[in-house]
Amino acid sequence: SYAQLLLSETPPQDPHYSILKKMERQTFRAAHLVNNLLEFARPRPRARVRTDLARVLANAAESVETAFTERELRLDLEGQEGSVWVLGDPRELEQIFVNLLTNARDASPEGGLVSCALRQKDGFAEVTVADRGAGLPADAGEKLFQPFFTTKKSGGTGLGLAISREIARRHGGDIGIRTREGGGTEA
């Protein structure tokens, strides 16, 4: 928070600006790592309540938007009139989307677009997070969901997708990842 406050008061041409940006990025990275390790080691007791998935997505987008400085995040709730209700734990569901949005951000080039779309069909909710990054390695497959497996060159922990899939399955859903036509990845 202090790094963000200083950053907001520092013009981009100031020599300290790039240092503050690095501090902000590393702080988010450390917080993400600690949260993932805690979730992996000791899952919280979960609530099963009527939850507005559109609101959960908006909260997740808000949580990560400050880290999207050189990338665009577009939340698409097109065709959804109001809320999309599911039964689940809103904090756990938000964690899934924070993880997926963070992965999409990390995979995207500067100036790239990350999109997140919510659709409801036949009584089911479907969320798609897409980027235009390099795509998936040919041999990644199910290894992407194994704890501590990562394709990130920046030193990811390999816990985000494993935790996210576990949460999704506890909620009666699942996560799949595929390479997008034209480049990038879609989860």
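## The second largest pocket

In this predicted model, the lining of the second largest pocket draws at least two residues each from strand 3 (85–88), helix 4 and strand 5. Strand 5 gives the largest share of that lining, namely 5 residues.

The volume of the second largest pocket is about 640 Å³, and among the 25 residues that line the pocket, Ala125, Glu126, Val127, Gly173 and Asp174 are the closest to its centre. Sorted by class, the lining of the second largest pocket consists of 15 nonpolar, 7 polar and 3 charged residues.

## Helix 4

Helix 4 covers residues 90–107, and its 18 residues should span 26 Å at 1.5 Å a residue, which agrees with the 26 Å that separates its end C-alpha atoms. At the start of helix 4, Asp89 places a side-chain oxygen within 2.9 Å of the backbone nitrogen of Arg91.

Which residues of helix 4 are buried? They include the nonpolar residues Leu93, Ile96, Phe97, Val98, Leu100, Leu101 and Ala104, but Glu92, Gln95, Asn99, Thr102 and Arg105 are buried in helix 4 as well.

## Salt bridges

How many salt bridges does a search of the whole structure find? The search finds 10 salt bridges, and one of the pairs that form a salt bridge is Arg165 with Glu142, whose closest N and O atoms are 2.6 Å apart. Arg165 belongs to helix 5 (residues 160–170), while Glu142 sits in the loop between strand 5 (124–130) and helix 5, so this pair ties together parts that are 23 residues apart in sequence. The two partners can also be described by their accessibility: Arg165 is buried, with a relative accessible area of 9%, whereas Glu142 counts as exposed at 52%.

Within helix 5, Arg170 and Glu166 are 4 residues apart, a separation of about one helical turn, and their side chains meet in a salt bridge with an N to O distance of 3.9 Å. An α-helix has 3.6 residues a turn, so residues three or four places apart point the same way. Glu166 is partly exposed, its relative accessible area being 42%.

A further salt bridge joins Arg178 to Glu186, with 2.6 Å between the closest N and O atoms, and here Glu186 is buried, at a relative accessible area of 17%. Through salt bridges that share partners, Glu142, Arg165, Arg169 and Asp174 are joined into one network; Asp174 is also one of the residues closest to the centre of the second largest pocket.

Conventions. Residues numbered from 1 in each chain as written. Predicted model: local features only at pLDDT ≥ 70, side-chain atom pairs only at ≥ 80, totals over all residues. Heavy atoms only, no water. Expected span 1.5 Å × (residues − 1). Buried < 20%, exposed > 50% of the residue type's maximum accessible area, 1.4 Å probe, protein only. Polar contact = N/O pair within 3.5 Å; in protein donor to acceptor, adjacent residues only side chain to side chain. Salt bridge = Lys/Arg side-chain N within 4 Å of Asp/Glu carboxyl O. 1 Å grid on protein atoms, 1.4 Å probe; cavity = no way out; pocket = protein on both sides within 12 Å on 5 of 7 lines; lining within 4 Å. Points joined across faces, edges and corners; volume = space filled by probe spheres on them.
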